[in-house]
Amino acid sequence: MGQMIEGFALERGHEIVLKTHRGQAEVLNSQMLQSADIAIDFSAPDAVLRHIYACFEAKLPLVVGTTGWYGSLQQVKNDCLNSNNTLLYGSNFSIGVNLFFHVNKVLAKLMNPYPAYEVQMEEIHHTQKLDAPSGTAMTLAEDIVAALDRKQEWVNVLMGGATPEAVKPEQLLIESYRIENVPGTHTVLYSSEVDAIEIKHTAHTRAGFALGAVVAAEWLHGKKGFYSVADVFKFEE
């Protein structure tokens, strides 16, 4: 991801002044970071919070594409706003996925009056994907739960792992698969006794995620505050 982000940034006329990885937190001091206009983080759940707060200390705006840290999201938001910093986060920066998010919201609203349709989700990623479900799947699931009166929460099952508990009617099931060399596939399925409706997004490469992150960084430049990728990609109803 870092190499692809760098490629798109250079292609669009930007300069890369610092590159680091999860094992080099010691280089992220204010002096080094202040040579940049904006940072983009696609690291790992165990490193991203250190990177975020290093950027806050340096007053450096930050785009975060790392997932698996959202339990700290509210605290990070509070700290960002209280310190007059700038952060934009997202579970997926692909333009296609953000269109898919919008379609998912619209479909869920349409399906709310029709309880005969049971809904579930499936997500497939490469075996190096550390978190399950994916951040993208969580976003899709939360939007479905918000729209469907018959669903109260989502639950995740990592396929190939321990035997899952029975899913309750008020729960939305997300099945997660980890397969070699799969950039990412997300499916939402509504099924009744008479028919089924399915929407699916399949990433052919990770390039769309990288390009979207650079586009988001360009959008964030000059702004202050706390944003999500939904603020970058707005679609009319």
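Biologist: In this predicted model, which residue has its backbone oxygen 3.1 Å from a polar atom of the side chain of Thr 86?

Modeller: Thr 86 is found in strand β3, which covers residues 86-89. Leaving aside its neighbours within four places in sequence, Thr 86 is in contact with several residues, including Leu 220, Lys 224 and Gly 225. The backbone oxygen that lies 3.1 Å from a polar atom of its side chain belongs to Lys 223.

Biologist: Is Thr 86 buried or exposed?

Modeller: The relative accessible area of Thr 86 is 2%. Because the cut-off for a buried residue is under 20%, this value of 2% makes Thr 86 buried.

Biologist: How far apart are the end C-alpha atoms of helix α5, residues 95-111?

Modeller: Helix α5 has 17 residues, and at 1.5 Å a residue it should span 24 Å.

Biologist: Which residue caps the N-terminal end of α5?

Modeller: The backbone nitrogen of Gly 96 lies 3.2 Å from a side-chain oxygen of the capping residue. That oxygen belongs to Ser 94.

Biologist: Against which elements do the buried residues of α5 pack?

Modeller: Among the buried residues of α5 are Val 97, Phe 100, Phe 101, Leu 107 and Met 111. The buried residues of this helix pack against α6 (135-147), β7 (185-191), β8 (196-202) and α8 (229-232).

Biologist: What is the area of the nonpolar surface patch that includes Ile 95?

Modeller: Ile 95 lies in helix α5, and at 41% relative accessibility it counts as partly exposed. Together with Leu 99 and Phe 235, Ile 95 makes a nonpolar surface patch of about 240 Å².

Technical notes: Residues are numbered from 1 along each chain as its sequence is written. This is a predicted model: local features need pLDDT of at least 70, side-chain atom pairs count only at pLDDT 80 or more; totals for chains, interfaces and linings use all residues. Side-chain values use heavy atoms; hydrogens and water are left out. Helices (H or I, at least four residues) and strands (E, at least two) are DSSP runs, numbered from the N terminus. Buried means under 20% relative accessible area, exposed over 50%, partly exposed in between (1.4 Å probe, protein chains only). A polar contact is a pair of N or O atoms within 3.5 Å; within protein, one must be able to donate a hydrogen and the other to accept it, and residues adjacent in sequence count only if both atoms are side-chain atoms. Contact means heavy atoms within 4.5 Å. The expected span of a helix is 1.5 Å times one less than its number of residues. Patches are made of residues with over 30% relative accessible area and no salt bridge: like charges are joined within 9 Å, nonpolar side chains (Val, Leu, Ile, Met, Phe, Trp, Tyr) within 5 Å. Accessible areas come from the Shrake-Rupley method with a 1.4 Å probe; for residues, only the protein chains shown count as cover. A salt bridge is a side-chain nitrogen of Lys or Arg within 4 Å of a carboxyl oxygen of Asp or Glu.
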